[in-house]
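Please look at the sequence and the structure below. Then read the short report on some of its parts.

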Amino acid sequence: MSMFQGQGFLIITSEGFQDPEQVNEIKQLLQNNGAVVVEKEEYNNNKNYLINDEDESTDAEKLAINHIIAESIQFIEYSLAIKSMIPITTCEWVRKTIEAGKPVNYKIYNPDPKFFFKDTFVCVADNLPIGDKEAIYGGIKAFGGNYLDVLTKYTTHLIAIDLSNEKSIIASSAIRNEEDNDENGIDIKIVLPHWIDHCITLGRKLDEKPYLLPNPPILNESNSTISRDAKTLIPIKELAESQDVISNFFNKKVFYISQDYNLSERLTNSLVTLIERQGGEVSKTFVVDSVDVYIGKYRTGEHYISSSKSNRIVVGNLQWLYHVIVTNKWVLPLNSSLLHYPVPNEPLESFKNLRISITNYSGDSRAYLVKLISTLGGTFTKTLAKDNHYLISAKDEGKKHLTAKEKWIGEDGNPKIKIVNHLWLEECFAQWKLVDYEVQKYQYFGNGKNIMESLIDRTKLDENVLKKWNGEDEEVNSQNVDDSMSEDEATQSKVNFTTVNGRGEDKEEESEEAKYADDKDKENHSFSPIVNHEGRLGGRAAAKRAALKLHNTMTDLNNYQAMAKSSRKMKTFMDELDGSTTPSKKSKADSEIENTPSKKAKISSQSSVSEEPKAKSQFSMDTVAIMTGSEKEITLTKSNIALLAEVGIQVLSDFPDSYSVNTLIAPKILRTEKFLRSLSKVDRIIHPKYLIEVIKKLEDSEPENYPSVFDELNLDDYELDKFISINELNSELGYPESYKKNGFTTLIKSDVSVFSGLNINLSSSLNGGVDVISRILQDHGMTEFSPIKNNLSLPALKKSIIETEIDGSSCNLLIAHKSKDVKLISNFKKLNESNSIVVEWDWCVKSIFKAKLEPFDNYRL
């Protein structure tokens, strides 16, 4: 099949694109690859080719336009094309696509100057606040860029505040070194988040040099008040004084940005400046009579409810704000995209177990549908498998569509997988319920010319349905109602343990104020565990742990009831239970408990309450775990950690000196310090999904039933190789494709100290630094090491080197960096060429993974 078979292209000629030879070249390239092409002049407004008139159009004009080729944006189809997510690209896109033999990223070739991030592919470091990360990704997309929360060969910019995080370390090692003619490196710029802020504020892409880490000049300017700390207020007065993009678009409208975004002060200040430069104002407090526009993330909170009930206040989110600025067109959120309005703070229960795939949608259309699926609570799958529940298809063709329709048939003669168009998904979102897929309009896949993709994002939110979140509907859940607590109590970013939870996106925990309702609601509804900035523990989990501690005897019950009458005593008890009491207030006994292997929350000795021994779980109450690389799957709150400790699962943030770690929690094979060091200590590696399900079941169980949770959840079912294919695991571990055994078994079963007896020289240029590298190697048996600076003279280098013995022969072993240590490697070999072995860090990693020293040949430098 030709690359563009059956696709309709509209070519717009203009002043910069009117030479007959050039126009004909592009037409021929498209037609030779199966496209149907229609051509028009930019100034011709007689017909809008995105609106078909069946009575007056010719057959050629009735085709669905999938793509527009133009060198400008001054044509009548432009607005509708943007709304319908139809790609608009220059002629160069056609040439590059034909050259590559497959469609290249169309965003890079967008002719609209407002999309100044069009050649930018961003990744954000994991040590930035989650709220900032989401806002940065939203801004990048709105202004034409791409993002992915993992580093890839396509990444152009890593946004970070320093180089200490894992992504920065990896990116630093991958950057092309021009001085050394490094052909394997890639061009990644590691920049401060301020670069994104200032680009969006000024409406253009700025030079990255002043923002480049590790020593960004913008932090060193004598008159600069900018701070590296992402939580510090960043005044950008000098930038704001630039006059080139100021407008009165917002016409003195007063905006209020909800705290449920949990943005840093730096990013909040940037948004304030952006709004002010467009003629608007931002209020730090919410006053219902003066606020004109409410910007929020979730459909929850006192301010959201007041705004949604108002006939005057416009309610939207950051995506909507960026959209109206980019398009310079005022459109109400309810008349815009489904995703331009705050979303529910909890997924739809009926969607939680649904696996949904997509076919015949591409680009922004596909990304939009994936976002709807994840927000609803379903799981998007790139590939179609028999365990999928739904396939969303734009037309009645393609491998996925035909497989689901014709091959995977149930006993009733109908397809096992339900095939629908995007209208079904949009109306599930708009109605916030699982709608009947068999309705005829969801089963329409075009007539061969008109396909459903061009009709995407036409569905609107239902204002009557929205009432269930603002208290006007009798079925409103108490978690959507706030009391009159001050907004100032919700100033700290908090992350729910269900972060991502397999749905492919980060989810912030709702603010403290949204967790409280009136006393009646508290009696009748359960709440998720929370910890605010004062260390107060709230919610069902805390209540259960209090009950577990105090309700064992009638005397204890009386003590608990007496304590409950005093808010001061109850707060003290809750603080102790959660381990959040300040050191100065803790008893000596409590301090000692914190340093023991079985640290558990303990009641003050003054309470005279005994604790009944708990039934042992399958862990025998002795699981000590290190978790790494799991930020996208789960982020534990303090109350989650306390709850797990109750049942004998200690989740530590770092390696303890006083007792042994026996469990590693990770979503895949990693090269982090925690992962590599843990391999010398642990008995098992489990997927973080285990913790997600344990916490959920514990919170849904009464304390006396906690032991039964582990009867339902078999730990063996959560070992890492149950979630990743053997082929993928073996590839990550360094085994060849022909290797058919499970390399994971060797990874966790070996008792061998891989580097036992070795003395190793370590270059100071190694990513992560000598301290980190040496800790990893020492845990795996290294006897001694010598840090080697890469600028030493030959005599100094000779004094620094230590010898070791391998296979009975003495030699000098150096672990070095391929591009940074060219001179060091040369000098090292000069000292004793025959007995010098220089290898890259990957030799160490693969040796650890395989529990034996790898041959040097494949790793020599």
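The model is predicted. Four strands form an open sheet, and their order is β10-β9-β11-β12. The pairing is parallel. The edges belong to β10 (281-282) and β12. Each has a single partner strand, so one side of each is left without a neighbour in the sheet.

Look at one pair of strands. β11 and β12 run parallel and are joined by three bridges. Here Ile 295 stands opposite Gly 316 in β12. Helix α11 (residues 318-327) packs on the sheet. α11 touches β9, β11 and β12. The direction of α11 makes about 125° with that of β11.

## Helix α10

Helix α10 spans residues 302-309. Which of its residues are buried? They are His 303, Tyr 304, Ile 305, Ser 307 and Ser 308. An α-helix has 3.6 residues a turn, so residues three or four places apart point the same way.

## Thr 804

Thr 804 sits in strand β25, which covers residues 804-806. Is Thr 804 buried or exposed? It is buried, because its relative accessible area is 5% and buried means under 20%.

Setting aside neighbours within four places in sequence, Thr 804 is in contact with Gly 757, Leu 758, Asn 759, Ser 809, Ser 810, Cys 811 and Leu 813.

How values were computed. Residues are numbered from 1 along each chain as its sequence is written. This is a predicted model: local features need pLDDT of at least 70, side-chain atom pairs count only at pLDDT 80 or more; totals for chains, interfaces and linings use all residues. Side-chain values use heavy atoms; hydrogens and water are left out. Buried means under 20% relative accessible area, exposed over 50%, partly exposed in between (1.4 Å probe, protein chains only). Helices (H or I, at least four residues) and strands (E, at least two) are DSSP runs, numbered from the N terminus. Contact means heavy atoms within 4.5 Å. Two strands pair if DSSP finds at least two bridges between them. Axes are lines fitted to C-alpha atoms, for helices over the stretch in contact, and angles run from 0 to 180 degrees between N-to-C directions.
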